[in-house]
Amino acid sequence: MSSPSLGNLTVVGCLLLYASVFVTGWDKTKLSDTAIVVKCHLERILNSLGLSFTFGSIFMKTYRIHAIFSRAVKKFKRIHLPDWKLICGVLTVVLVDCIIFAVWIVMDTTTVNSRFLEPRLDTTEPEKEIFDVPVIRYCSSENAQYFTIALYGVKGVLLTFGIFLAWETRNIAVSQLNDSKNAELSTPLFSPAYFLFRSILIGLPN
């Protein structure tokens, strides 16, 4: 019941999310336009796949608990949910993400734009009146909003599934089956935090 295989997928997702932090903090000052485009795509891919692996595996484990108590215990029906079926469910979500990103990269050309900020006086030698002009370089593409909406849709379905499972398993209290409590706590906390964080990022240049 502990499902170490699904636990490994959770670890993979956490590692991808952890790696995305380093990609996001990668200094773009001396990068070429091609490298910046790769960085933008890599950041999105790591974030999206990390979320799909992490929460997909947690929710699939919780789904098995839900199936056991809703069908096997209450309705006396035999269920057969081996790990490989649950893993296929997680990989399906990951595959959808990969398809969206593949179409995005192939069909929608990503370019690097520059935004010049207000000049600032160099205070080290103010008498020379040297001004620094900060430049922000960011990625943009013509149809980025549509692909972003598609990714939000996939994550929205995943989170809705998690909220449903958290509600359905809220009264299950078995020490050996603690995943339902994890889903119950992680889903309502993660959902608003994630969408708020991504909304802020969308408003900032990548």
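Which residues form one aromatic cluster? In this predicted model, the cluster is made up of Phe101, Trp104 and Phe147, and the paragraphs below take its ring pairs in turn.

The count of aromatic pairs comes to 5. One of them joins Phe101 and Trp104, whose rings are stacked, with a centre-to-centre distance of 6.2 Å and an angle of 5° between the planes. Both residues belong to helix H3 (residues 83-107), where a spacing of 3 residues places Phe101 and Trp104 about one helical turn apart.

Trp104 also pairs with Phe147: the ring centres lie 5.3 Å apart with the planes at 5°, and the pair therefore counts as stacked, since planes under 30 degrees apart fall into that class.

| Residue | Relative accessible area | Class |
|---|---|---|
| Phe101 | 4% | buried |
| Trp104 | 2% | buried |
| Phe147 | 13% | buried |

Each class follows from the cut-off, because a residue counts as buried under 20% relative accessible area.

Conventions
Residues are numbered from 1 along each chain as its sequence is written. This is a predicted model: local features need pLDDT of at least 70, side-chain atom pairs count only at pLDDT 80 or more; totals for chains, interfaces and linings use all residues. Side-chain values use heavy atoms; hydrogens and water are left out. Rings of Phe, Tyr and Trp (its six-membered ring) pair if their centres lie within 6.5 Å; planes under 30 degrees apart count as stacked, over 60 as edge-to-face and the rest as tilted. Helices (H or I, at least four residues) and strands (E, at least two) are DSSP runs, numbered from the N terminus. Buried means under 20% relative accessible area, exposed over 50%, partly exposed in between (1.4 Å probe, protein chains only).
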